Each structure stands twice: as structure tokens, then as C-alpha cells.
Amino acid sequence: MKGDKVEIVIDAGDSSRTYEVVATKAGRRVEVSNRRGGVVEVSEVTRSGTAVRTARFMSSRILALVEHPGDGKPD
């Protein structure tokens with residue numbers, strides 16, 4: 001639902017970087033999945049299941065992955 005957010009903190013060698021994937025419109029959600037080869041995929045998905053935006057990260061580089069659910073209130 002709109003407002004769903006996933007924060008990903010990545011080890012970038014000498015520092016860390018934070019990325020966010022947010023459900024930007026009503027009816028969209030954010031899904032996290034593990035793929036073969038040690039890859040974590042975070043996607044913003046429509047009601048019909050079509051991925052709108054996708055971010056892929058090597059699981060060995062992920063320091064934290066935090067899911068923030070939407071507030072559940074309609075717009």
C-alpha cells in the first residue's frame with residue numbers, strides 16, 4: 001500500500017550507504033525477495049503484480065534491511 005518503505009544499508013568499503021524503495025502511489029506495495037547467487041531484490045509492485053521499480057543488492061554487502069509498513073489509512 002502507499003507508504004510502504006524498505007530501507008537497505010549497504011557496506012560501501014570505507015563507509016555505508018542507505019537506499020530506500022517506497023510505494024509511491026495508492027495500490028502499490030514493496031516486495032523483498034532472495035534470488036539465486038546471493039542477490040536480494042526489492043521491488044515496487046502494482047496491484048496486478050507488475051514490477052515498476054526494482055533494486056538489486058548483493059546479500060554479502062547488506063548490513064541492514066528494514067521494512068516499514070504503510071499506516072493503512074486510505075488517501
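1. Salt bridges link Arg 28, Glu 44 and Arg 53. Keep in mind that this is a predicted model. Across the structure there are seven salt bridges. The points below take up some of them, then turn to Asp 4.

2. Look at one link of that network. Arg 53 and Glu 44 meet through their side chains in a salt bridge, at 2.8 Å from N to O. How exposed is each partner? Glu 44 is buried, because its relative accessibility is 1% and buried means under 20%. Arg 53 has a relative accessible area of 37%, so it counts as partly exposed.

3. Now move to Glu 41. The side chain of Glu 41 forms a salt bridge with that of Arg 35, at 3.0 Å from N to O. Glu 41 is buried, with 10% relative accessible area. Arg 35 is partly exposed, at 46% relative accessibility.

4. Glu 41 also has a salt bridge with Arg 56. Here the side chains meet at 2.9 Å, N to O. Which strands hold the two residues? Arg 56 sits in strand S5, which covers residues 51-58, and Glu 41 sits in strand S4, which covers residues 39-45. The two residues are 15 apart in sequence, so the pair ties together separate parts of the chain.

5. Next comes Asp 4. Where is it found? Asp 4 lies in the segment before strand S1, and that strand spans residues 5-11. Is Asp 4 buried or exposed? With a relative accessible area of 14%, Asp 4 is buried.

6. Follow Asp 4 through space. Asp 4 and Glu 67 are 63 residues apart in sequence. Their C-alpha atoms are 7.8 Å apart.

7. Finish with the contacts of Asp 4. Set aside its neighbours within four places in sequence. Asp 4 is then in contact with Val 21, Val 22 and Ala 23, with Arg 29 and Val 30, and with His 68, Pro 69 and Gly 70. Find these residues in the structure, and compare them with the position of Asp 4 before strand S1.

Key: Residues are numbered from 1 along each chain as its sequence is written. This is a predicted model: local features need pLDDT of at least 70, side-chain atom pairs count only at pLDDT 80 or more; totals for chains, interfaces and linings use all residues. Side-chain values use heavy atoms; hydrogens and water are left out. A salt bridge is a side-chain nitrogen of Lys or Arg within 4 Å of a carboxyl oxygen of Asp or Glu. Buried means under 20% relative accessible area, exposed over 50%, partly exposed in between (1.4 Å probe, protein chains only). Helices (H or I, at least four residues) and strands (E, at least two) are DSSP runs, numbered from the N terminus. Contact means heavy atoms within 4.5 Å.
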